[in-house]
Amino acid sequence: MTRQKFRTALAAGAVLAAMGLSNANAKTYTIALVPGIATDPFYITMQRGAAAEAKKLGVHLIWQGGASFSPETQIPILQALLAKHPDALVIAPTNKKALINPIKQYVSAHIPVISVDTTISDHGLLKSRITSNNTQGGAAAAKAIATFAHERGDVAVINVKPGISTTDARQKGFLAQMKHYPNMKVVAIEYDNDSPTKAFTEAQLLLLKYSHLKGIFGTNVFSAQGAGKAVDSSGKKGRVNVVGYDAEPGEVKLLKQGVVTTLIVQQPALEGKLGVKYAYDILSGHAGSVPKSKLLDNITAITKNANDPDISKYFYKSELAH
Ligand code: T6T
């Protein structure tokens, strides 16, 4: 900026300030962030990233999630929020199909919608989709299990429930990669409905039924926690390798103990940050800079590198930002 332009800008700012128009007249956008479930450190970490970005941009952030990961709890939250008419919605839909109609209501009300983490199958309704590379993460989990098992033996999967874009893709990536190991077999796929106690019981039963089981892939926080605790309490640490997704404190503890041998870690704080940033860009007339799809890399944490700061900085937090 030339000196002259700088002086003019300063003068203009002073006039606006004198008129009380500088910040007072700038619109404060309200962005709603609806997680899959409010109590999961994955989404809590996402909220922290979103809150920091909202603060930076001067945006009002509403964070509202249900007590369970299900369309039955998420849809009423969306409907109540719609009555408040936020300027944009950033959402982790709990089902690929069931959330299409509730999201359509936002689109009809001219509220831009961005999906974060999970998504819906009707991508046309969304301004942007932000997610991790779940297929790659599933394949990485299969590679880790195969390495520990010397590419031999039976393995099982504990997943959440069918119909969730992220965990479906992880399972798909895992199964596709397992095909590369002719001496390995996926003997069971269980669904825990996002309950750690259900995952624990399922893993215990798997350990009893398949006495030579070499590994279990837990496809998210609660699935991995349940599998890890079952292997630990059965004394099978070292014989059955648990490879899990995510990195909340309980999983990280099991990783450090060597019960869980690998964690596929996501970047929820970055997802939250980008969700708010893209919504703000759309609202402030910069929609052109927002990608239709943003795929984030995963980080692989293993027992040996769990204390390395370059890895541990990605571990999830359990407290919301205020
Ligand atoms: O793994 C994450 C998330 O990516 C997934 O969509 C649902 O489960 C988590 O929240 C972890 O519990």
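Predicted model: local features only at pLDDT ≥ 70, side-chain atom pairs only at ≥ 80, totals over all residues.
Trainee: Which residue has a polar side-chain atom 2.7 Å from an oxygen atom of the ligand?

Mentor: The residues surrounding the ligand include Thr 166, Asn 220 and Val 221. For Asn 220, a polar side-chain atom lies 3.0 Å from a ligand oxygen atom, whereas for Val 221 a polar backbone atom is 3.4 Å from an oxygen atom of the ligand. The side-chain distance of 2.7 Å to a ligand oxygen belongs to Thr 166.

Trainee: How much of the area that the ligand exposes when taken alone does the protein bury?

Mentor: Val 221 has a polar backbone atom 3.4 Å from a ligand oxygen atom. Taken alone, the ligand exposes 300 Å², and the share of that area buried by the protein is 99%.

Trainee: Is Gln 177 buried or exposed?

Mentor: Gln 177 is found in helix H6, which covers residues 165–178, and, leaving aside residues up to four places away in sequence, Gln 177 touches Ala 139, Ala 142 and Lys 143. Its relative accessible area is 14%, and the cut-off for a buried residue is under 20%. Because 14% falls under that cut-off, Gln 177 is classed as buried.

Trainee: How far apart are the end C-alpha atoms of residues 31–285?

Mentor: UniProt, in an unreviewed entry, places the feature "domain: Periplasmic binding protein" at residues 31–285. In the model this span is 47% helix and 20% strand, and the separation of its end C-alpha atoms is 15 Å.

How values were computed: Residues numbered from 1 in each chain as written. Heavy atoms only, no water. Helix = DSSP H or I, 4+ residues; strand = E, 2+ residues; numbered from the N terminus. Buried < 20%, exposed > 50% of the residue type's maximum accessible area, 1.4 Å probe, protein only. Contact = heavy atoms within 4.5 Å. UniProt positions renumbered as here; feature names shortened; annotations may be inferred. Near = heavy atom within 4 Å. Polar contact = N/O pair within 3.5 Å; in protein donor to acceptor, adjacent residues only side chain to side chain. Areas by Shrake-Rupley, 256 points an atom, 1.4 Å probe, with all protein chains shown as cover.
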